[in-house]
Amino acid sequence: MSLLDYFRTSKTSSASLAKERLQILVAHERSSRNQPSYLPQLQKELLEVIRKYVNVGQEAISVNFEQDDNQETLEVNIVLPDYHAKTP
Amino acid sequence: MARIIVVTSGKGGVGKTTTSAAIAMGLAKKGHKTAVIDFDVGLRNLDLIMGCERRVVYDFVNVINGEATLNQALIRDKNCNLLYILPASQTRDKDALSQEGVGKILEDLSKDFKYIVCDSPAGIEKGAHLAMYFADDAFVVTNPEVSSVRDSDRMLGILASKSRRAEQNQEPIREYLLLSRYSPDRVKLGEMLSVDDVQEILSLHLLGVIPESKSVLNASNSGTPVILDEKSDAGQAYSDIVARYLGEDKPHRFIDGKKGLFGKFFGSK
């Protein structure tokens, strides 16, 4: 190993940092890109229906869309409050 | 039928117009009748890069509005009689381009031309959308730099979902990576993303690497597409790109810095 190589490997190169950041970002943006456009509206309407019965906040519901090679999964997750307080 | 190529990137300043001018000239020099269209309405610049800015009488929008015929607006290139330029309008009206209007012009040009090169504006607004909408092939110009790579990926998403081919469920647009402003020396020092890094992130077929080169500014200063500077590295890089696009087998160069055997080995991917 030459002296030059020693200096080169002694710290993480900015290029590898750039690559790592890009890989994470691009993967994230690609997954949200493939989501159907009706998701936000679906989430809003689901929340309205649930609120008729249970007092939950905006953050209590999460809607996730995942796509594999041959199937699409829509995952709806609702966190109910500790006691089921009925809305007034 | 013509083949429609869009030169796109998302990000500005990466070399779309330089590339459009170079590859249009390269295709025409290879004997194919080629038209190059500036889609950057309001910020026309292809005319300057092609050196025909003083010969612009009518523009793209005039033809769409029926104020001039296509033949009146097309400018024949001074260096190559198989190359024609359709300049953008300098209007500030953002809605000057319409999908029907652009479609009609491309259809008319298709009857007479072999290749139509669409120089996209930066961004993802209407001009950029219309530049890519009718495309058969996309040349995605990317710099080895985080914001450019990210924007290219965003552009790839748009090409795959918003183009005519996507909407009509046809065979998708063929996408090619053109990595420009590349500095092999900085890559070696770990200061710049390598060709392999960018390809890994974007998963695109590499059409060629254009090295960072003084010849690009010299070419734009004089209004001659850099591909005509046959001695320059950037000019040769664009010649290779045109040849590869036309199906010739050219080993990649300018990836490793030094010319010769090394470049061939590294570029064979």
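Which residue forms a salt bridge with B:Arg181, and how far apart are the closest N and O atoms? The close-up views below, all taken from a predicted model, begin with that pair.

**View 1. The salt bridge between B:Arg181 and B:Glu212.** The partner of B:Arg181 is B:Glu212, and the closest N and O atoms of this salt bridge are 3.2 Å apart. Because B:Arg181 belongs to strand β7 of chain B while B:Glu212 sits in the loop between β8 (205-211) and α11 (214-222), the pair ties together parts that are 31 residues apart in sequence. B:Arg181 is partly exposed, with a relative accessibility of 41%, and B:Glu212 is likewise partly exposed, at 39%.

View 2. The side chains of B:Asp185 and B:Lys188 meet in a salt bridge with an N to O distance of 3.9 Å. Both residues lie in helix α9 (residues 184-188), and because they are 3 residues apart there, about one helical turn separates them. B:Asp185 is exposed, with a relative accessible area of 53%, whereas B:Lys188 is partly exposed, at 39%.

**View 3. The salt bridge between B:Arg253 and B:Asp240.** In this pair the side chains come to 2.9 Å, N to O, and they link distant parts of the chain, with B:Arg253 in the loop between α12 (233-245) and α13 (261-267) and B:Asp240 in helix α12, 13 residues apart. B:Arg253 counts as partly exposed at 32% relative accessibility, while B:Asp240 is buried, with a relative accessible area of 5%.

**View 4. The interface of chain A and chain B.** The contact takes 13 residues from chain A and 15 residues from chain B, and the area buried between the two chains is about 1,400 Å², of which carbon and sulfur atoms give 55%. Of the area that chain A buries against chain B, 37% is supplied by A:Lys19, A:Leu22 and A:Arg33, more than by any other three residues. Across this interface there are 4 salt bridges, one of which joins the side chains of A:Glu29 and B:Arg150 at 2.8 Å, N to O. Helix α2 (residues 14-33) of chain A gives the most to the side of chain A that touches chain B, with 11 residues.

**View 5. A nonpolar surface patch on chain A.** A:Leu74, A:Val76, A:Ile78 and A:Leu80 make a nonpolar surface patch of about 300 Å². Among them, A:Val76 is placed in strand β2 (residues 72-78) of chain A and is partly exposed, at 38% relative accessibility.

Note on methods:
Residues are numbered from 1 along each chain as its sequence is written. Chains are lettered from A and ligands numbered from 1 in the order in which they are written. This is a predicted model: local features need pLDDT of at least 70, side-chain atom pairs count only at pLDDT 80 or more; totals for chains, interfaces and linings use all residues. Side-chain values use heavy atoms; hydrogens and water are left out. Patches are made of residues with over 30% relative accessible area and no salt bridge: like charges are joined within 9 Å, nonpolar side chains (Val, Leu, Ile, Met, Phe, Trp, Tyr) within 5 Å. Accessible areas come from the Shrake-Rupley method with a 1.4 Å probe; for residues, only the protein chains shown count as cover. Helices (H or I, at least four residues) and strands (E, at least two) are DSSP runs, numbered from the N terminus. Buried means under 20% relative accessible area, exposed over 50%, partly exposed in between (1.4 Å probe, protein chains only). Contact means heavy atoms within 4.5 Å. Buried area is the accessible area (1.4 Å probe) that two parts lose on being put together, summed over both.
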